[in-house]
Amino acid sequence: MTSDSPATRSIFSGRPLRILIGFILVVNGMFPALWILFTSLKTEAELTVKPITWLPHAPTIANYLRAFTDQPLLLFLFNSFMVAILSTALTLFISVLAAYAIARLQIRGRDLVLSAIIAVSTFPLVTLLVPLFEIMRALGLLNTWVALILPYTVLSLPVCTLILVSFFEGIPRDLENSAMIDGCTRIGALFKVVVPLSAPGVFTAGILAFVNAWDEFLLALSFNSSPTLRTLPVGITLYQGEFAFPWPVISAALVVGIVPVAILIVIFQERVVSGLTSGGIKG
Amino acid sequence: MATASETTLVSAPAEGATKWWTRFLDPSERTLAVLLLLPAAFLLALIIVYPVGRLVWTSFQNLSLTSGLPATFAGLENYALMLDDPVFWETTWNTILITLITVPGALVVGMILALMANLPFETKWPTRLSLLIPWALPLSFAGLIFAWFFHSEYGVVNDVLRRLGFEGVIWFNSANWAFAAICLTIVWKTSSFMALIILAGLQTIPRSLYEAAEVDGAGRIRQFFEITLPLLKPAIVVALIFRTITALQTFDIPYTMTRGGPGTSTATLAMYIHQNTVDFLDLGYGSALAVVMFLLSMGVTVVYLRMIRAKG
Amino acid sequence: MTLNKTLTLLLAGAAMTVTASAAMAQQTNLRVFVSSQHRPDVWRKAFDMYEAKNPNVKVTLETGGNTSEQQAQYLNTVMTAKDSSLDVMILDVIRPAQYAAAGWTVPFNEVIGKDVKAYMDRYLPAYAEANTVDGKVVALPAFADAMFLYYRKDLLDKHGIQPPKTWAELTAAAKKITEAEKDPNLQGLSFQGKAIEGAVCTFLLPYWSMGKQLVSNGKLSFDKDAAVKSLKLWKDFVDQGVAKKNIAEVATDDTRKEFQAGNVVFAVNWSYAWGQFQGNESAVKDKVGVVKLPAVEGGEPASCLGGWEWGVSSYSNNKTEAQKLVQYLSSPETSEFMAINAALLPAFPEKYTDEDVTKAVPWFANAKPVVETAKARPVTPRYNEVSEIIRTTVNGVLAGQQTPEQGADQMESRLHRVLR
């Protein structure tokens, strides 16, 4: 990774400082996840010990066994993944097209279009629950992935479009023009030149869309009531009772939910970073 | 439908479709623009515009399901009701306060995180992962986890305070401490969003600019303020717009952490809307509140867009 | 829809189609929403038994969300959208009045027949009351619940103390035990002070015990003195060190966990806690006693009524079959079956002393006097608003944000806006 942007390289230097900074970053980001991991290895009794314990006294995997046997956890994961991935793909596709139109083409009222797209995202989803339910029922989409994919796409569309607009505007027009001289259509140039060059932006937009879809609870609860279509956030609530909140088992389920996403992020970010550098060299 | 037509647009083989293409492409950019915006417009119309239209219409009606009465036209009655509803004013003020605290808070923390994560680490994934994990933790559980962290007896925050020799704080027993706990949690959860967008921006800044600046003898601090910050502006504005809008919609974290307590001192407008619509089933009043919130976020968006246009 | 058409055709006597459509009409599919925290697996067995007796009925069970609140959010969405997919739904005891006012449930009066009063009198009186709105039976009881006073039998025995009959006795007993035990982790009393539904009961327990009602004949009958006294009672527990300072963050299950860990002498909680206290992970197994909640000085003991009810959706296409199913689900037989197999408290008084029941769940015999004195929270369509006002006030007072007097003032003026 020699291609680091020098934006901060010049401000901080020195290996020990770097390690310290890395440590701070990891603690800030990972602490709650680690805490959940520790909790998932504790017994419920250990949680009411005073003063509290950090590392589990007698680690147990019983909570993981319960997490998998009490509820179809893998099914929840599968549903969440499919919904999140499909809606991310749809979001990216639609917002790339829209962002290109806004960033590059001469449209009258460009600001108006942009404002309109942002404006619609300023409505809290909670308040749209009932009309949305009616729409999904009218379209016969209740209890399907599509019932979630469509609203999740809309949920992320504005932010992704705006991110991509700001990235597309930073790509020199010359690159695109030369590609078009080489015989590319405008759309071809968009997908062969503009999108690869905006890889960090596309990646960021994709991650945001994925996580937005991955996190959502209220619509998933309301539109997909069938047990075979539950997503992870809805599924995890099934471990709790009316009053009981068994943190160790819920923690185990959360860990199982976080690990695949973490792996995905690690793989995905490496690819994007390397894709970026090779694309940059070509350009 | 929209998707299908778009797929053909993209995958259309170059030779056969050239004529078809050129008719749409080169002569008129506007036609292409419309085509490209069509799928977005279609989805937004279906999922947002139609429901919002119904919402606005409902806001002018007397429609409380628990009254057992049919809906009647109410004009601006629901809006007038807000004026002397103390809970409306309190929750609105709380929402504005949360926005004013957490948006700059997340921006500063996110900027620091992004600059830190952009250092040339030998292995990158631990830091990248650390930026993204706060996002991957479902929001509905992040609030619960942090409520537990701030628990006066079993919480890790007080445990650390006690180990450092301080007295533990009963966070949720006081409006101010509860508010602080909520704001800290929101900043933690959202600063990674800021950092992510800023980091993506940082990576597109060409190295040559810094080299040139170094030749000119600019110091590191000056480089930051004269190169990094101005070039990051578009990314920062994007992040700010959406952070502000989501801050105005703050719901999950106070809902799971305090339920708006003690009393209603940490309740937000979105919580109040949710309560009126879903719990109280007063659809008319709830819709009117939502419209007010919409106007509030629209106002903010317009200000931001002006900012982009003025300086960009 | 097809079914309605079929019935119309049948009534019209269109002989041509009778045979074909009769085959269709024979099969009725009923979708039942069951709360997933209340043993849907055992309810399934009850449905199976019904299907066996009624071969033309097929019951599908649906669950969603695991707390009363999440379920209400889901059902409110479905019902606001006038969705016909659900036929029967289980409702927290605080909701039937709201659902009836919204026109979401159909009354049972017709299927019950002439003697509605006798039919309802079979249930514990509080349930007859909670399910009747303006003479209409809007839902039928599924099972009962109430708040109990759990106490550490071992500690009370050790210090020669009888279970308290009044809150003053409880204070004295708690102080005596915690002082003698010298365990800094041991607290005298745990109850719910967080702004959750449980805090409504917290407020109402002493208020009712003073003989006051919040709502009488659909009108607000708020007694401010009693409200101040109730809020003061709880606040004093905190100020005197009987309850913990952080009581404003304690929810129902926090009380259960702390008692189960052996850190509490007295605890106010629902019936589910009993099973947990007797579990293998419990530090207080076989050391727990359960009695009626204490009364205020000179008052009657009162408990808060819980439990869940069956309602039939107005948007159902099979209302008659659905109501028949509910009558079965709310029968003494099913009640007994659920008591034995799922440890759900029966809504029928005689079932508490039933031999089969007491053999399976012996402590139900102790529960009977408590459930009998349990009072229903105000039966009003706007209950959610009433609840929100009470619980935020209780929470605010316990956190020291308001004095009991200020809290009662605020409660009164806000309740007046809702109930007039």
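pLDDT is the predictor's confidence in each residue, from 0 to 100. This is a predicted model, in which local features need pLDDT of at least 70, side-chain atom pairs count only at pLDDT 80 or more, and totals for chains, interfaces and linings use all residues. Residues are numbered from 1 along each chain as its sequence is written, while chains are lettered from A and ligands numbered from 1 in the order in which they are written.

**Confidence**

Chain C has a mean pLDDT of 90. In chain C, 94% of residues reach 70 or more. For the complex, the predictor gives an ipTM of 0.80 and a pTM of 0.84.

Helices (H or I, at least four residues) and strands (E, at least two) are DSSP runs, numbered from the N terminus. Among the elements of chain C, helix α1 (residues 2-12) has the lowest mean pLDDT, 46. Strand β14 (residues 308-312) of chain C has the highest, 97. Over residues 5-23 of chain C, pLDDT stays under 50. The model has ten contacts beyond four places in sequence for that stretch. Two residues are in contact if their C-beta atoms, placed from the backbone, lie within 7 Å.

**Chain C**

Chain C holds 20 helices and 15 strands. Its radius of gyration is 23 Å, close to the 22 Å that the globule rule gives for 420 residues, so chain C is as compact as a globular protein of that length. The radius is taken over C-alpha atoms, and the rule is 2.2 Å times the number of residues to the power 0.38. The C-alpha trace of chain C spans about 85 × 50 × 35 Å along its principal axes.

Of the 420 residues of chain C, 55% count as buried. A residue is buried if 20 or more other C-beta atoms lie within 10 Å of its own, exposed if 12 or fewer, and partly exposed in between; C-beta atoms are placed from the backbone. Of the contacts in chain C with a separation of 6 or more, 71% join residues 24 or more positions apart.

**Nonpolar cores**

A nonpolar core is a set of buried Ala, Val, Leu, Ile, Met, Phe, Trp, Tyr and Cys residues joined through C-beta atoms within 7 Å. The largest has 309 residues. A:Tyr100, A:Leu164, B:Ile197, B:Ile198, C:Val88 and C:Tyr150 touch the most other members. Leaving out residues up to four places away in sequence, A:Tyr100 touches A:Phe168, A:Leu190, A:Val194 and B:Leu36. A second, separate core has five residues, including B:Leu63 and B:Phe280.

**Chains A and B**

Where chains A and B meet, 91 residues come from chain B and 83 residues from chain A. Helix α3 (residues 29-59) of chain B gives the most to chain B's side, with 18 residues.

Domain bounds come from an automatic or database domain assignment. Chain B has domain 1 (1-59) and domain 2 (85-311). Four residues of domain 1 of chain B are in contact with six residues of domain 2 of chain B. Chain A has domain 1 (1-60) and domain 2 (69-282). The C-alpha centres of these two domains of chain A lie 27 Å apart. Their contact takes eleven residues from domain 1 and ten residues from domain 2 of chain A.

| Domain 1 of chain A, touching domain 2 of chain A | five residues | four residues | two residues |

Terms used:
Nonpolar A, V, L, I, M, F, W, Y, C, P; charged D, E, K, R; others polar.
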